[in-house]
Amino acid sequence: MQCLAIVNENSPKINKLKTAADLGNADFEQWLKEECQFLQELRDEPEVKILECAYVHVLEMRQKAE
């Protein structure tokens with residue numbers, strides 16, 4: 001019920017902003033697709049990034065040992 005109240009309360013404001021910014025529902029759908037793709041790509045970190053982090057960690061450990 002709370003979510004419906006939020007939607008009902010904010011819908012007029014959102015519609016006003018959409019009109020002012022010349023945005024349509026397709027814009028929001030596209031942004032949602034782009035965000036979903038971005039998050040899926042983050043899910044699997046590239047191996048090179050993992051190796052870079054491990055290398056830095058080993059360098060820090062070496063520096064502390066010296």
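Guide: Let's start with a term: buried means under 20% relative accessible area, exposed means over 50%, and partly exposed is in between, with a 1.4 Å probe and protein chains only. Keep in mind that this is a predicted model, where local features need pLDDT of at least 70, side-chain atom pairs count only at pLDDT 80 or more, and totals for chains, interfaces and linings use all residues. Residues are numbered from 1 along each chain as its sequence is written, and side-chain values use heavy atoms, leaving out hydrogens and water.

Visitor: Which side chain of opposite charge is nearest to K18, and how far away is it?

Guide: For charge, Lys and Arg count as positive, Asp and Glu as negative, while His and the chain ends are not counted. A salt bridge needs a side-chain nitrogen of Lys or Arg within 4 Å of a carboxyl oxygen of Asp or Glu. K18 is buried without a salt bridge, and D27, the nearest side chain of opposite charge, is 8.2 Å away.

Visitor: What does K18 touch, then?

Guide: Contact means heavy atoms within 4.5 Å. Leaving aside residues up to four places away in sequence, K18 touches L23, G24, N25 and F28. K18 itself sits in helix α1 (residues 2-20); helices (H or I, at least four residues) are DSSP runs, numbered from the N terminus.

Visitor: How many salt bridges does the whole structure have?

Guide: A search finds two. K49 pairs with E52, their closest N and O atoms 3.8 Å apart. Both are in helix α3 (residues 47-65), three residues apart, about one turn of the helix.

Visitor: Why do residues three or four places apart point the same way?

Guide: Because an α-helix has 3.6 residues a turn. As for cover, K49 is partly exposed because its relative accessibility is 41%, and E52 is also partly exposed, at 41%. The other bridge joins E66 and R62, with 3.4 Å between the closest N and O atoms. E66 is exposed at 69%, and R62 is exposed at 55%.

Visitor: How many residues of α3 are buried?

Guide: Zero of its 19, so α3 lies largely in the open. For length, the expected span is 1.5 Å times one less than the number of residues; α3 reaches 27 Å from first C-alpha to last, close to the 27 Å expected.

Visitor: Which residues make the nonpolar surface patch?

Guide: F38, L39 and L42 make it, at about 320 Å². Patch residues have over 30% relative accessible area and no salt bridge, and nonpolar side chains (Val, Leu, Ile, Met, Phe, Trp, Tyr) are joined within 5 Å, like charges within 9 Å. Areas come from the Shrake-Rupley method with a 1.4 Å probe; for residues, only the protein chains shown count as cover. L42 lies in helix α2 (residues 25-43) and is exposed, at 52% relative accessibility.

Notes:
Helix = DSSP H or I, 4+ residues; strand = E, 2+ residues; numbered from the N terminus.
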